[in-house]
Amino acid sequence: MKNQQILPITNADEINNLLRRYGVKFGVYKNGQFKEQFFPFDPIPRIIEAEKFKVIESGLVQRADALNKFLFDIYHKKNIIRDGIVPEDFVYISSGYLPQCEGVTPPENIYSHISGIDLVEGKDGEWYILEDNLRIPSGASYPLIARELTRAASPDVFSENGIVDNRNYAKLLKDTMDFVNRGGINAILTPGRYNAAYFEHSYLAELTGAALVQNDELFVEDNMLWQKTYSGGKTRIGTLYRRISDEYLDPLTFNPQSLIGIPNLMEAYRSGNVAIINSLGNGVADDKGIYYFVPKMIEYYLGEKAILKNAPTYLPFYEEDREYVIKNIHKLVIKDVAEAGGYGVVFGSDLSEEKLESFRQTIINEPRRFIAQEVIDFKDLPILENGGQVMRKADLRAFVLSGETTRVWASGLTRFSRNPDSFVVNSSQGGGFKDTWVML
Amino acid sequence: MKTLNFSFATKLTFDNYVHSHCFALRCLPIESNSQHIVNCEMNISPFVPTKNTVDAFGNNVTAGYIGKEHRFLDFEINGCAEIDLSKPKTDYMPCYLYPSEYTKPDKNLVDFYNEISVKCNAEKPYERAVFFSDILSDLIRYEKGVTDTKTTSVQAFELKKGVCQDFSHIMLSLLRLDKIPSRYIAGLAVCDGETHSWIEVWDGEKWIGLDPANNCPVNEDYLVLSQGRDFGDCSIDRGVMFGAYTKQLQLITSSLKTAY
C-alpha cells in the first residue's frame, strides 16, 4: 500500500454529524461548571506504515512490560531501589505511591492492564515517548466509534485502502478482563454521566458485554464484590474496570470523605477476590519524575535497550540537571509532576523575564516537583479548516493491553491542537482528534 | 515477659435506623515478635458474618456488611497476650520516613524543629526522640476535648494542647523531619480506661516504643492493637452506612491488667 494512492474521506461533515448523534462527547469542568464538549473529528487520518508500526509496537510492549515489573517490584521487594537504579525519594514522595498496597499482589501480577502511552513523531522521523498513563487512560472509544461511523459513511475508503481493522479493541479489552477475572461478571464502574469520560464508559460496556455500574449498587460482603440485582439478589463481580482515582475508591482505606467509592473494596482486592483494572497504586509508575527512569527500568528488568526514546529530560533533583535547567529555562518545557491533562505544563519561551526568574526560584526551592524537557520539534499533521488544509501539532496515544500477553492496539488516538501556536494537544484543552491508520 | 488480660468494647448507637452498613475494624491485637496473642475472642452484635485479613501495615482487619436495618453496632474483644520486649519487632516499611496526612509539617513546625534539633547532642535515634519528647511534654498540655480524630500535628502544635493522639502526631512530624523513621501505634495501656496512642522509633534495625503523652518509655504494660503512618491507618473502627440523618453515640470501655 503506497501513500499517494490513498483514497481520501470526502464526507467529513456527515461523519461529524453522526458523532454528534451518537453522543461522542467529553466533559470538562471550567470555573466550577460542568460542560460537555463535542470532540471535533478531522477526516484526514494519521497514517503509519506497517514497517514503522512494527517498531513502535515492539517498543510499547517492552515499555508496558517493564512498567508492570517495576510496579510489582516497588510494592514487593524493591530491588530497583536497593540496586540504586531509582532513588528512593522519587518513589516514596510520589503522590501515586500508596503504602496501603505494599505486599498486595493483583491477580496475575498485572498492575497496568491498559497503558495509554503518549508519543510524538519528530521531524527526524523518530518517535519519542512523551508520557505514560497507567491510571485508566481514556480515549480509545473515540477513534473506535469514529472508525465505525467512517466505515458506514465512506465504505469504499476501507475496501480500497489496506488499513488494519481496529475494531478488535473491544475483544482485546474483554480478553484482558476475562484473563484476570476472579469469578463473576465483568463490570465497568462509572462515577456517572457528569464524568469526563462517561461516553467512553457506556460505549465500552456495550461493546465488551460488561455491566455498567455505579457505586450505590455495589457492596462488599464476605470480602467479595457484589452488585445488587433488581430482584433483591446479588451478582458477583470478578473484574471491576474503574475510572475513579485510587484515593476515592474505598472510603474505609483511603479518603474517608469519598462518596463515590465502594467501602471495603480494598479488603476484597487484597483477598484476591476481585481484579481491579487498572490496579491500585499505579500512579507511582506514571509519575512524571519516574518517566526519566523508564529506559533504565527496561534495561534493568528486561536486559534490553529501550527501543523507543524518551524526550530529552532533566531532573532538577540532580544538581547537574538543575544547573542546566536554570540556565536554559527559556527554551525548555517545564512540567509539574503532580498535574495531568495538560495542566501544569509551562513553556519557558512563553514567560517574561520576571516570571522566568520567579520560576527559577520555585524550581530551586522544590526541585522534586518539576521535570524539564527539550521542546521536541514534532511533525505537524494536516487538518481541514474552512475548506483548506492547515498544519497543526499532533500526538498519538497508543493503547497497550496487558493480559495473557501484551498487545498493542493497531490504532490509537491522534489528538491535535487547533491553536496554530500550541503544542498542547489534550482534549481538555480544546483539541480535536483524527483516526490513526496502521497500514497492512 | 509479662502476661496481660485485655478487654475492649465499643457500643455504637444510632438514633434512627441505618442500613447497608459496611465496616472495617482494626481492634484484634497484632501478633508480633514482642507480642504473642494467647487467645482472643471477638463478639459483634447484631450477628454479622465477618472476614479477617491483614493489611499492608500488619494490622488485623475485620470487615463486615449489614444490609438490613439496624440501630446499633456493638463489638468487643477479650483475650490474653504475652508481651516480651526482649524480642523486638523488625517489620520495616519505607513510608515511615516520609510525612503523612496527619503529620505533614508546616513552616511553624519546621521552624520549631530547626530550633530544637540544633540543641540536641544525642546521636542515636531513640535518644533524639527522648530529647524531643522531653521538650514537648513541657510545651504541650494534655487536655481532652480541644482536639478530635481529625486534628493534624500542625493544628495540635498551634493549640499547644491535645491528647495522646496529638502528642504522637507531633512527635512523628519532628522525627521524620529528623530523618528518623517512626510510626503511630494505637493500643491499650495498663492504668488507662480508654484506648491509648504512642509511637515507635526505628533505630536502624528494630522498633523501640516511646509514649510521648506520658513522656516515658514503653514497657510491657502496653498492648498494640494497630500500627501505621498515623491515626488514619490505625482507626479502630471505620464505617459507612445509609439512613435518614442520624446522630451516633459511641461508648468505649477497655481494660488491660496483669494476669497473675
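## A covered strand in chain A

Strand 14 of chain A, residues 332-336, is mostly covered, since four of its five residues are buried; a residue counts as buried if 20 or more other C-beta atoms lie within 10 Å of its own, as exposed if 12 or fewer do, and as partly exposed in between, with C-beta atoms placed from the backbone. Helices (H or I, at least four residues) and strands (E, at least two) are DSSP runs, numbered from the N terminus. The model is predicted, so that local features need pLDDT of at least 70 and side-chain atom pairs count only at pLDDT 80 or more, while totals for chains, interfaces and linings use all residues. Residues are numbered from 1 along each chain as its sequence is written, and chains are lettered from A and ligands numbered from 1 in the order in which they are written.

Five bridges join strand 14 to strand 16 (residues 370-374) of chain A, and A:Val333 has A:Gln373 as its bridge partner in strand 16. On strand 15 (residues 345-347) of chain A, which is joined to strand 14 by three bridges, A:Val345 is the bridge partner of A:Lys335. Strand 13 and strand 16 of chain A are joined by two bridges, and A:Gln373 is also the bridge partner of A:Thr313.

## The domains of the two chains

Domain bounds here come from an automatic or database domain assignment. For chain A this gives domain 1 (12-305 + 378-438) and domain 2 (313-374), with C-alpha centres that lie 27 Å apart. Chain B is divided into domain 1 (2-85 + 236-258) and domain 2 (94-234), and 24 Å separate the centres of these two domains, taken over C-alpha atoms.

In chain B, 21 residues of domain 1 are in contact with 16 residues of domain 2, where contact means that the C-beta atoms of two residues, placed from the backbone, lie within 7 Å. On the side of domain 1 of chain B that touches domain 2, strand 1 (2-25), strand 5 (70-83) and strand 14 (248-258) each supply at least two residues, and the largest share, five residues, comes from strand 14 of chain B. By class, this side of domain 1 has 13 nonpolar, five polar and three charged residues; Ala, Val, Leu, Ile, Met, Phe, Trp, Tyr, Cys and Pro count as nonpolar, Asp, Glu, Lys and Arg as charged, and the others, Gly among them, as polar.

## Where the chains meet

Between the chains, 22 residues of chain A are in contact with 18 residues of chain B. Helix 4 (88-92), strand 8 (218-221) and helix 10 (265-270) of chain A each supply at least two residues of the side that touches chain B, and strand 8 of chain A gives the largest share, three residues. The residues on this side of chain A divide into 11 nonpolar, five polar and six charged.

## A sheet in chain B

Chain B has five helices and 14 strands, and 42% of its 260 residues count as buried. Five of the strands of chain B form an open sheet in the order 11-10-9-8-12, with antiparallel pairing. Its edge strands are strand 11 (216-217) and strand 12 (222-228) of chain B, each of which pairs on one side only.

Strand 8 (residues 182-189) of chain B is joined to strand 12 by six bridges, and B:Ala186 stands opposite B:Ser226 in strand 12. Helix 4 (residues 164-177) of chain B packs on the sheet, touching strand 8 and strand 9 (196-202), and its direction makes about 15° with that of strand 9; axes are lines fitted to C-alpha atoms, for helices over the stretch in contact, and angles run from 0 to 180 degrees between N-to-C directions.

## Backbone details

Most residues other than glycine have a negative phi, and most peptide bonds are trans. A:Ile136, although not a glycine, has a positive phi of about 50°, and A:Ile136 counts as buried because it has 21 C-beta neighbours inside 10 Å. A cis peptide bond, with omega about 0°, joins B:Ser45 and B:Pro46, and B:Pro46 is found in the loop between strand 2 (35-45) and strand 3 (50-54) of chain B.

Conventions:
Two strands pair if DSSP finds at least two bridges between them.
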